[in-house]
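Reader: I am new to this structure. Could you take me through it by question and answer?

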Amino acid sequence: MSTLTGEVTVTGFGVRTAFGTGADALRRGVFAGVPSFAPTTRFDTGPYRTPMAGAAPDGPDAVEGWALRHALARCGTEALDMAGLPQGTEAAVLLGIAGDCTSITRHWRDAARPGVDSDRPDGSEGMGDPLHARLADAVPARLAESLAGELRLTGPRLTFTNACVASAAAIIHGCRLISSGRIDAAVCAGGYLVEEETFGKFDSGRALSRDGMVRPFSADRTGLLLGDGVAAVVLESAEHARRRGARPLAGVVGWGAATDAHHIAQPHPEGVGLALAARQALRLAGDPDGADLGYVNAHGTGTKYNDGAETRGLRAALPKRAESVPVSSTKSTTGHLLEAAGVVEFVITMLALTDGVLPPTAGFTAPDPECDLDYVPNEPRPADLRRALTINAAFGGANTALVLERP
Amino acid sequence: MTTTEKAALRSPLAVLTSTTATHGTGRDGDIALPRLPGFVESAFSPLAYEVAARCLTACPGDGSRTAVALASLMGDTTTADLASTRVVSGRVHNPLLFMQATPNSVLGHLSREFGITGQMFSLSTLDDPVTELLAMADLLLEDPELDRVLVLGVELGGGERVAAVHRELTADDGRPVPDLPEPAGLAAALLLTRPGPEAPVTVRATETDDSGHPPAAPHHGSVQGLFDLAAAHRRLLRDGGSQVLAAAGPAAAAFLLSSERLPERNETDTHAHQ
């Protein structure tokens, strides 16, 4: 069991998805069950099997053209403002990110056409454009330094790169640092914006949905779609928040991480690591049976491999509760946010607790005998929740679980 | 962890075993890359697997109570650049490059081969990863469900883009630019636990000597500090005694390594790694 010396609370967040900025955008999209998917114009999708992604459209609030570091800074600033923590605070910056891949593509594109900047074929400013990624933004740790600099936070920094659990790992690390008394506060963040480099890789792995929708746990699911996601949360020791009169939005009462020991890319078919991580988190939360859980935000990618394995893993983790706890995948509306999935879904789970509404699994058309839980199909559902579990999984069989509690 | 404070460890750590490997560097002892099923072209994953496997083979243990943390500057740049040049030239992506693109992939392979179900992390560090990895191990070993933490660092040589990234990084802080050739790579690993009879060399946080010159910061992404830690471990196993290692860079942490098993030598030598 834990060696906790302090409770962990959430006091602020900033979030940005294809639906726009902030909680209300999530309420209009994720919580209404409205998928964000559309053909992306961010790059030529001609060579790929689908043009679809959950990428923010052009317009005044567009993400397009933004470098990740700007989106991170904006979300981090919003999170600090909501928490009422001033810039200059001695808070950690813990980031889950793969680096800004647009800088890699742009470098090789420019190298292939000497003298022509891929973003400015007329020869005007390109890589030097402050809105674009710099070459060094491909270094994940550089983005954490950049975020800490923008927010003028003076605490420790650490960058997690473990794929789709990266930002969940950053949150777990923040919880450990705070609960062990090493630090008082941390900004935990993650980001991914749809770009060609990663899109092409997922296309080559035949992981992208064939019908332009993400249908987690549904019998006719055909794969995932990528989506924009950037978020930051302020974690704080309960005592630190109390001392400065900050209002806790939620408590983080349990966390766990475990590995499948099965395959470099596929999940264990029985969801072994996912069950281990969830059980760790629930033990730490003092609720090993999950008796207090009212909702599970699933990883739910919409792939054949993931969703059946996740269902079996949840059954193993919650043998007494699996059939009675609602489970939904918000990737059905946002798309897969990769390194940002953990922190964005953490925010969504927190909103479910505070709003008393379960976000649905959109695109659910037909039950799959392999997936036999209550997936909150297509329509939001009112619910009076005390605790919720959010789960993520990644390449290499990495799994994370976090238990949140309404104050 | 990059930190403004010097203290990195709350409790002592102990080294169960350590190892290093180099490939294509021209140094003595360069190895041929081990063949890993499903991994192609890049030295990143084979080198990471090689050092991790040596440690886990030398000191077998309970995989459910073992955690792993892998640090590198920006992961597998060879794979990233191969994939990117294919995109730019309009060629179809190679699914194998997709599969191995993230450091999680080799960690997944490692977990399967050695039955590790404990948590596995991959990290990006600008500075010498010694301080971050030891701090991570110290934190993880406070979890009563863990007994051992395998820490490893990988550094790849780089081509044109990686060199350009380094030039941009060093423009801010004047660090040196690495000169490792493109196909080359370095990796080091240490298997850590809490002090006990099976791990005679301990690692504690200590104070740096503020009167002396701090070690110069190495190039970004250097794993030389891990190599020095592994070398100190081997030396103390052989000779006994103790040694101070001062981490280079802004973290400025220092660690005292001591051999608890062999008779200690009279002198304590100070060695700044860089």
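Reader: How many residues does the contact take from chain A and from chain B?
Author: The model is predicted, and totals for interfaces use all residues. Chain B gives 56 residues to the contact. From chain A the number is 56 residues.

Reader: Which element gives the most to the side of chain A that touches chain B?
Author: Several elements of chain A each supply at least two residues, among them α4 (140-151), β6 (157-160), α6 (196-204) and β9 (250-259). Also on that list is α3 (102-112). The most comes from one helix, with 7 residues: α3(A).

Reader: How do the residues of the side of chain A that touches chain B divide?
Author: Charged residues number 11. Polar residues number 19. The nonpolar residues number 26.

Reader: In which sense do β6(A) and strand β3 of chain B pair, parallel or antiparallel?
Author: The strand of chain B covers residues 120-124. Its pairing with β6(A) runs over 2 bridges. In β3(B), Leu123(B) is the bridge partner of Phe160(A), and Ser124(B) is the bridge partner of Thr159(A). The sense of the pairing is antiparallel.

Reader: Which residue stands opposite Ser124(B) in β3(B)?
Author: β3(B) also pairs with strand β2 (residues 66-72) of chain B. That pairing is parallel and has 5 bridges. Opposite Ser124(B) stands Ser72(B).

Reader: Which residues point one way from β3(B), and which the other way?
Author: β3(B) is mostly covered, with 5 of its 5 residues buried. Met120(B), Ser122(B) and Ser124(B) point one way. The other way point Phe121(B) and Leu123(B).

Reader: How many residues of α6(A) are buried?
Author: The buried residues include Glu196(A), Lys201(A) and Asp203(A), as well as Phe199(A) and Phe202(A). They pack against β4 (52-53) and α3 of chain A, together with α2 (77-88) and α3 (95-100) of chain B. α6(A) is mostly covered, and its buried count is 9 of 9.

Reader: At what angle do the axes of α6(A) and α2(B) cross?
Author: The two axes come within 10 Å. Angles of 65 to 115 degrees count as roughly perpendicular, so α6(A) is roughly perpendicular to α2(B). The crossing angle is roughly 95°.

Reader: Which residues of α2(B) make the contact with α6(A)?
Author: From α6(A) come Glu196(A), Glu197(A), Gly200(A) and Lys201(A). The residues of this contact divide into 2 nonpolar, 2 polar and 3 charged. α2(B) brings Ala83(B), Ser84(B) and Val87(B).

Reader: Is Leu229(B) buried or exposed?
Author: Leu229(B) has its place in helix α7 (residues 224-239) of chain B. Leaving aside neighbours within four places in sequence, Leu229(B) is in contact with Val130(B), Leu190(B) and Leu245(B). A residue needs 20 or more other C-beta atoms within 10 Å to be buried. Leu229(B) has 28, so Leu229(B) counts as buried.

Reader: What is the distance between the C-alpha atoms of Leu229(B) and Gln243(B)?
Author: Along the chain, Leu229(B) and Gln243(B) are 14 residues apart. Their C-alpha atoms are separated by 9.9 Å.

Reader: What is the phi of Arg206(A)?
Author: Most residues other than glycine have a negative phi. Arg206(A) lies in the loop between α6 and β8 (229-237) of chain A, and is partly exposed, with 13 other C-beta atoms within 10 Å. Its phi is near 50°.

Reader: Where is Asn378(A) found?
Author: Asn378(A) has a positive phi, near 65°. Asn378(A) counts as partly exposed, with 15 C-beta neighbours inside 10 Å. Asn378(A) is found in chain A, in the loop between β12 (357-358) and β13 (381-382).

Notes: Residues are numbered from 1 along each chain as its sequence is written. Chains are lettered from A and ligands numbered from 1 in the order in which they are written. This is a predicted model: local features need pLDDT of at least 70, side-chain atom pairs count only at pLDDT 80 or more; totals for chains, interfaces and linings use all residues. Two residues are in contact if their C-beta atoms, placed from the backbone, lie within 7 Å. Helices (H or I, at least four residues) and strands (E, at least two) are DSSP runs, numbered from the N terminus. Ala, Val, Leu, Ile, Met, Phe, Trp, Tyr, Cys and Pro count as nonpolar, Asp, Glu, Lys and Arg as charged, and the others, Gly among them, as polar. Two strands pair if DSSP finds at least two bridges between them. A residue is buried if 20 or more other C-beta atoms lie within 10 Å of its own, exposed if 12 or fewer, and partly exposed in between; C-beta atoms are placed from the backbone. Axes are lines fitted to C-alpha atoms, for helices over the stretch in contact, and angles run from 0 to 180 degrees between N-to-C directions. Angles under 35 degrees count as roughly parallel, over 145 as roughly antiparallel, 65 to 115 as roughly perpendicular and the rest as oblique.
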